Structures are given as C-alpha cells and as structure tokens.
Amino acid sequence: APYPGTSRVGVEGEKLKLWKFLDLSKQPRIDKFSAFILGAYHQDYTSLIKAIKSSYPAARIGVCWTSSFGEMEFAQVECKALASILQDPLIDFVWCGDRSLGTRLSNPKLFYAPYPMAEGKYISKPKTMSMTLLCPSTSKKNIANQVVAAHIVGQKFGLELQTNTQVPEGLLSLAPVQVVHHSWMPWEMYVRLVQESRLNFVASYSETWNYQGAESVLMGTPCVGSQVISYLPLQHCVHNPNDPEEIAAVAESILVDDKAVAHQQEVLLHRIGLNNVALRAAMGEHAIL
C-alpha cells in the first residue's frame with residue numbers, strides 16, 4: 001500500500017535489483033513470484049493474501065514491518081495490527097527493520113534485517129539562507145522542539161525554515177521563526193529544496209532508519225539528529241531530543257563546520273554498504289531471495 005516510508009524500502013530495494021516494487025494504488029498486475037512482501041499493514045491485505053495463495057499456493061508471503069517499539073507506542077493501533085499479523089496462518093514471515101523487535105520477541109516468523117538503500121548521485125547546488133524540516137506531522141518526529149531550535153538558529157544565522165509539516169498551533173507566536181510552508185512536493189522540487197538548504201532537522205524521538213535524513217546527507221546537506229538516527233556521527237546527534245537548546249547548539253556546531261557534511265557522508269556510505277550486505281544475507285537465510 002502507498003505508505004511513503006514503507007514504500008521507500010520497496011523502491012530502494014528495486015534500485016538494487018533485489019525485487020520488483022508494486023504500488024497497489026496503481027492497480028498493477030501481480031505475476032507469479034516465489035515470495036511476496038507486503039509493506040506494513042493495510043485492511044485490503046486480507047483479501048490480497050487470499051488471492052495470492054489461491055493463485056500461487058507455493059509462494060511465501062511476508063510483511064515488512066517498519067516500526068520500532070517506540071514508534072508503535074506513538075501509534076498504538078500498530079500493536080494490535082502486528083499481533084494480528086503474527087497470528088495469521090497465511091503469513092509466513094515478518095521482516096522487522098527494528099533489531100529489538102526482530103530478535104527479542106520469541107516468534108519464529110520474526111527476523112531482523114536492515115533496509116536497503118542505493119547511493120544516489122546528486123549534483124551539488126549553491127546554498128540559500130534556509131534550513132529544512134521535512135517529515136510527516138506525527139508526534140514521533142518531535143516537531144515542536146525542532147521548530148523552537150530552528151527559532152534559535154534562525155535568529156543567530158538569519159536562516160528561514162522550509163517545512164512541509166504542520167507546526168503546532170500557536171507555537172510560532174512563542175518562538176517566532178521565518179517559515180515557508182510547503183505541501184507534498186514533486187521529487188524534483190524536493191531535491192532542489194534539500195540541496196539548497198544549509199541544514200536539515202531529523203532529531204526525532206523514534207525511528208528505524210529515516211530515509212529523508214540519509215538522502216539529505218547524500219545531497220550535500222548536513223543533518224542535526226537524535227541518537228536514534230544511526231547513520232549520523234555522534235557529535236551531530238543530541239542526547240536529549242526534548243531539549244530545543246541542545247538541538248540548536250548541535251545545529252550551530254554543524255553550520256560552522258565546513259567538514260560536517262563530508263564526515264556525515266563517510267559514515268552514512270559505510271553504513272549503507274554494511275546494511276545492503278546484511279539484508280541480502282538475511283533474505284537468503286530465510287529463503288526470500
């Protein structure tokens with residue numbers, strides 16, 4: 001189903017020729033495959049699974065579960081959904097992007113594997129006086145603290161905040177920052193916006209990867225993150241994402257460091273390489289690839 005974060009896992013895997021990505025919202029033809037991986041959970045999957053089993057009884061069916069325990073707490077309906085998935089006799093495996101979820105629960109269907117990512121090729125762009133916060137309007141993204149941090153950084157460096165998320169009502173009167181609001185953007189517009197930014201905020205409360213921050217780094221824009229963003233150097237991550245002053249302080253240290261983005265790219269590319277190898281191994285071990 002067309003969930004942006006989960007779909008991105010499918011898209012990146014297709015770039016690496018691991019599988020074929022199908023967007024059910026576009027009503028694709030479903031041909032014969034040895035395995036089918038459904039992204040997250042959707043009510044239409046019940047009938048889809050039955051149809052697949054009827055047409056291809058030998059095919060294995062699994063779910064790519066992209067939430068961590070922490071993310072499931074922010075969207076508690078997911079706890080019930082995962083329990084239902086694990087009890088479904090037609091589902092053969094559940095691939096978890098969260099190590100604790102995939103290794104600590106005593107269920108033979110579960111396994112952990114990192115997400116795939118292709119190393120995109122981007123042309124560097126001149127920077128504008130902007131910083132970006134681009135994410136869904138969900139509590140786990142820690143929007144209020146990062147907007148307040150953007151207020152502090154904006155005052156000192158004269159940067160405006162470019163965002164597509166919903167800023168909590170009344171917050172800008174408490175922490176005024178020049179904001180440019182965007183709706184969901186076409187890819188080309190999004191890439192240009194990120195490439196021209198001086199800093200990208202990804203100091204969220206809980207994640208299993210965060211593709212937006214990773215592609216920002218690949219596009220030449222450094223990120224300030226929390227320690228749940230595993231591909232950023234520790235000095236570019238805050239210890240307490242509930243402290244906007246700490247977020248701002250780390251952001252400022254990145255802005256004055258000309259080598260920050262190069263360091264982040266080095267760490268990220270190393271991690272991407274390890275993840276892609278580990279994913280192939282896990283998929284082979286569980287007879288999916």
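Predicted model: local features only at pLDDT ≥ 70, side-chain atom pairs only at ≥ 80, totals over all residues.
Lysine 17 is placed in the loop between α1 (4-15) and β1 (35-39). Its backbone is also of interest: phi of lysine 17 is near 65°, a positive value in a residue other than glycine. Most residues other than glycine have a negative phi.

A second residue with a positive phi is alanine 287, where the angle is about 60° although the residue is not a glycine. Alanine 287 belongs to the segment after α11. With a relative accessibility of 53%, alanine 287 counts as exposed.

The overall form of the chain may be described next. The chain contains 11 helices and 10 strands. For 289 residues, a compact globule would have a radius of gyration near 19 Å, and the 20 Å found for the chain agrees with this. Along the principal axes, the C-alpha atoms fill a box of roughly 60 × 35 × 35 Å. Of the 289 residues, 51% are buried. When contacts between residues at least 6 apart in sequence are considered, 65% of them join residues at least 24 apart.

The interior is considered next. In soluble globular proteins, nonpolar side chains tend to be buried together. In the present chain, the largest nonpolar core has 28 residues, of which Trp95, Phe111, Trp209, Leu232 and Leu268 touch the most other members. At least two residues of this core are supplied by each of β3 (93-96), α9 (211-218) and α11 (260-285). The largest share, five residues, comes from α11. Apart from this core lies another, of 25 residues, which includes Val167, Val179, Val224 and Ala260.

With neighbours within four places in sequence left aside, phenylalanine 111 is in contact with Phe93, Val94, Trp95 and Cys96, with Gly102, and with Ala282, Met283, His286 and Ile288.

Cysteine 223 is found in strand β9 (residues 223-226). Its relative accessible area is 0%, so cysteine 223 is buried. Beyond the neighbours within four places in sequence, the contacts of cysteine 223 include Leu199, Asn200, Val202, Gly213, Ser216 and Val217. Leu232, His236, Ile254 and Gln264 are also in contact with cysteine 223. By C-alpha atoms, cysteine 223 is separated by 17 Å from threonine 165, which is 58 residues away along the chain.

Helix α8 (residues 187-196) has the buried residues Tyr190, Val191, Leu193, Val194 and Gln195. These buried residues pack against β5 (130-133), β6 (160-163) and α9.

Serine 68 is located in the loop between β2 (60-65) and α3 (69-74). A relative accessible area of 6% places serine 68 among the buried residues, because the limit for this class is under 20%.

Histidine 151 forms part of helix α6 (residues 143-157). Its relative accessibility is 13%, and histidine 151 therefore counts as buried. When residues up to four places away in sequence are not counted, histidine 151 touches Ala175, Pro176 and Val177.

Alanine 81 lies in helix α4 (residues 77-87). At 11% relative accessibility, alanine 81 is likewise classed as buried. Leaving aside neighbours within four places in sequence, alanine 81 is in contact with Tyr41 and Trp65. Alanine 81 and histidine 42 are 39 residues apart in sequence, while their C-alpha atoms are 9.0 Å apart in space.

Conventions
Residues numbered from 1 in each chain as written. Heavy atoms only, no water. Helix = DSSP H or I, 4+ residues; strand = E, 2+ residues; numbered from the N terminus. Rg over C-alpha atoms; globule rule 2.2 N^0.38 Å. Buried < 20%, exposed > 50% of the residue type's maximum accessible area, 1.4 Å probe, protein only. Contact = heavy atoms within 4.5 Å. Core = buried A, V, L, I, M, F, W, Y, C linked by side-chain atoms within 4.5 Å.
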